[in-house]
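This report describes selected local features of the structure shown below.

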2 protein chains.
Amino acid sequence: MSEELHPTVGLDDTVHQRTRLGIVALLDSGVSMEFGILRDTLHLTDGNLNRHLKVLEEAGLITTTRATGKGRPKTWIAITAPGRAALAAELAALRALIAAAE
Amino acid sequence: MSEELHPTVGLDDTVHQRTRLGIVALLDSGVSMEFGILRDTLHLTDGNLNRHLKVLEEAGLITTTRATGKGRPKTWIAITAPGRAALAAELAALRALIAAAE
């Protein structure tokens with residue numbers, strides 16, 4: 001058996017989980033995204049997006065900011081430095097997996 | 001908003017889930033793998049590997065064969081054609097995600 005770990009062994013479900021991977025990948029550009037835009041881009045319900053944002057926020061990978069003003073208050077979501085690092089590690093593991101499959 | 005779906009929207013948890021992705025990726029070479037080898041390569045417990053094999057087998061993506069002979073019976077696991085197709089679709093989505101992040 002190889003002494004190198006298989007690329008999937010190091011994956012962290014916090015960012016590997018399908019929906020959360022989509023969220024951090026979209027936020028990685030560095031621009032805050034509004035809740036509704038993120039929800040629609042990823043074809044989610046409010047409840048589903050909220051649930052995954054909570055996991056990411058508790059892990060310190062994103063921040064959420066509620067902006068009140070005229071009309072309905074809006075929630076803006078941004079990635080943190082640890083969030084960016086977690087995404088980079090995830091993408092590196094996925095690249096290794098793809099390279100091994102080719 | 002773009003009319004193209006975000007790459008993570010099409011991911012299927014049956015093969016995207018970390019451990020199951022490792023299993024189908026290892027089996028994709030086409031060679032059957034023995035249960036214990038698969039378990040050790042992916043750093044799993046017997047129970048954990050069994051649980052994920054059951055999900056993959058119920059989805060028709062792998063087959064398991066119990067070979068009895070001298071000593072303890074061994075279980076061999078192989079990928080099916082639909083399993084190979086599911087992995088190919090997963091890897092294509094991951095490639096698109098990585099390309100978008102670069």
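At the start of α2(B), a side-chain oxygen of B:Gln17 lies within 3.0 Å of the backbone nitrogen of B:Thr19. The model is predicted: local features need pLDDT of at least 70, side-chain atom pairs count only at pLDDT 80 or more, and totals for chains, interfaces and linings use all residues. Side-chain values use heavy atoms, with hydrogens and water left out.

Helix α2 of chain B spans residues 18-27, and its axis comes within 10 Å of that of helix α4 (residues 46-58) of chain B, crossing at roughly 75°. α2(B) is therefore roughly perpendicular to α4(B) (65 to 115 degrees). Contacts (heavy atoms within 4.5 Å) link B:Thr19, B:Arg20, B:Ile23 and B:Val24 of α2(B) to residues of α4(B), including B:His52 and B:Leu53.

Eight of the 10 residues of α2(B) are buried, so the helix is largely enclosed by the rest of the structure. Buried denotes under 20% relative accessible area, with a 1.4 Å probe and protein chains only. Among the buried residues are B:Leu21, B:Gly22, B:Leu26 and B:Leu27.

A:Glu90 belongs to helix α5 (residues 81-101) of chain A. This residue is buried yet forms no salt bridge (a side-chain nitrogen of Lys or Arg within 4 Å of a carboxyl oxygen of Asp or Glu).

| Partner of A:Glu90 | Relation | Distance |
|---|---|---|
| A:His16 | polar contact between side chains | 2.8 Å |

Definitions and conventions: Residues numbered from 1 in each chain as written. Chains lettered and ligands numbered in written order. Helix = DSSP H or I, 4+ residues; strand = E, 2+ residues; numbered from the N terminus. Buried < 20%, exposed > 50% of the residue type's maximum accessible area, 1.4 Å probe, protein only. Lys, Arg positive; Asp, Glu negative; His and termini not counted. Polar contact = N/O pair within 3.5 Å; in protein donor to acceptor, adjacent residues only side chain to side chain. Axes fitted to C-alpha atoms, helices over the stretch in contact; angles between N-to-C directions. Parallel < 35°, antiparallel > 145°, perpendicular 65-115°, else oblique.
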